[in-house]
Structures are given as structure tokens and as C-alpha cells.
Amino acid sequence: MFRHLREDIRAVFDRDPAARSFWEVLTCYPGIHALILHRVAHWLWGHRLRWLARFTAHLSRFLTGIEIHPGATIGRRFFIDHGMGVVIGETAEIKDDVTLYHGVTLGGTSWNKGKRHPTLENGVVVGAGAKVLGPIIIAAGAKIGSNAVVTKPLPAGATAVGNPARILDQQTREREQQAEKLGFSAYAVGRDQDDPLAKAIHGLLDHAAETDRRLASLLKELEAQGVKCDQEVQAADDFDPKYLSKIVD
């Protein structure tokens, strides 16, 4: 248990730039407290001390705001960032190096006995407020956007957003990359939303991505013809990402 605790604390430093010291993480991070208490509760659950396990989990919920059923299986280097409002059901399975943000629910869609909660494989990241429901598998390296509602399995490395969740296509990935170049992210904003401002920004990002592709193709063709294109280009006007982020919100 203590070996796992050291790994869990190191995982916090790897994924949270706000972490400053071992003592701070150990004493001030509710995700770590919830994980310690869950490991105790899970041991009690496995030894059929069910009431004591549930009481330990209930105490953990009271102290941390994070509810983890003692029957849930959690792997190594698990990190809950902030943590308030996280709910993890009895038959949930969480593999190694998984990250959850606040408000995440790993819940069920049935009252039947047996496996009814999701399985998160290695390296999965679930954004704030997302709901992952049912006995589905979220494959290794998948990412789930904030406030998404996922009820179907996700393949390895996929990124899903929205309600109901959908996997981002190639065009959306290119839009994300273009947005990052401009200094902000359109992550979890879908084309099918009714906000005309968001649609207009998506159109601009798509146009910018297409312009980049055309320019790269033109430069490649010119170089193939022996035309040098190493002259300095006058810089464009300054782009204000804070203003754009503000109007999108």
C-alpha cells in the first residue's frame, strides 16, 4: 500500500503543475485522501467485511467529497484532480495511469446485478463533469471531453465530446490544432451547437487550416521548381487569444 502511495503522489507531480511538495500533496489533496481510504475500504470489501468497508467509503465521501464504492477496482498511479463530486460505482474498473477531473461519474444504466459500470483502460483521461455510463470499455489512451455523456465503448486513442458523446473526426482534430496555434482551444465545442458565434469561429478555423494546407503545398511546389522561399514575411497583427476565449464563453 505504501509503495502504491508513493507512486500515486509522484503521479500528482507529473500531472499537476500546482503541486509543490510531497507534504503538500499528502495533506492537501483530497484525491490522494480518497484513494488511501478506498484502498483500505477495498481490502475490507475483499475480506467480506462489507459494512465496515461501506462505512469507510462513507467517511471518505464526507471528508473529501469523492464517492468511491469499496467494490470498485483501481489500478496504479490513479489521479483525481480537485475531485469534488466524483462518483465511481461498485463494478467500475480503473486501470493504470488514469486521470479524472471533478464532477466525473462512472455510473450504471441498469439495476441488474453483475457488471454495470464502465472499465477505463490505461492512460484514459476524463474531463470535468463527464458521465461514463454502463458496462462499456474506454480503451487505452482515450480522452473524454468536459461534460460529455458516454454510453458506448471508445477505441484506443479516441477523443469523445458532447452529449451524446461522439468521436472527433479528422476535420475536428485539424480545427483543434489550428486553435492551439492561435492561442486558445475550441475543445468540446461541436459544429452542431446552435451558437452562431461558435459556428463562425469554427468556419474561420477551418478556413485557416485549409489556407495552411494550400500554402504548404504551394511552397513545396515552388521549391521543387528551384524557387527559393526563404524571404522574411511581414508579421501579421497581434492576435488576442484572451479576447477570443472571452467571447466564445
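A charge sits over a ring if NZ of Lys or CZ of Arg is within 6 Å of the ring centre and within 35 degrees of the ring normal. Here, Arg50 does that with Trp45, its charged end lying 4.3 Å from the ring centre. This is a predicted model, so local features need pLDDT of at least 70 and side-chain atom pairs pLDDT 80 or more, while totals for chains, interfaces and linings use all residues. Side-chain values use heavy atoms, without hydrogens or water, and residues are numbered from 1 along each chain as its sequence is written.

**Aromatic pair**
- There is one aromatic pair in the structure: the rings of Trp51 and Phe55 have centres 5.3 Å apart and planes at 10°, so they are stacked.
- For reference, rings of Phe, Tyr and Trp (its six-membered ring) pair if their centres lie within 6.5 Å; planes under 30 degrees apart are stacked, over 60 edge-to-face, the rest tilted.

**Nonpolar cores**
- A core is a set of buried (under 20% relative accessible area, 1.4 Å probe, protein chains only) Ala, Val, Leu, Ile, Met, Phe, Trp, Tyr and Cys residues joined through side-chain atoms within 4.5 Å.
- The largest one has 29 residues, and Phe78, Ile88, Leu100, Val126, Ile138 and Ile144 have the most contacts inside it.
- A second, separate core of eight residues includes Leu5, Ile9, Val12 and Phe79.

**Sheet**
- Strands pair if DSSP finds at least two bridges between them; two join E10 to E13, and Val132 partners Val150 in E13.

Note on methods:
Buried < 20%, exposed > 50% of the residue type's maximum accessible area, 1.4 Å probe, protein only. Helix = DSSP H or I, 4+ residues; strand = E, 2+ residues; numbered from the N terminus.
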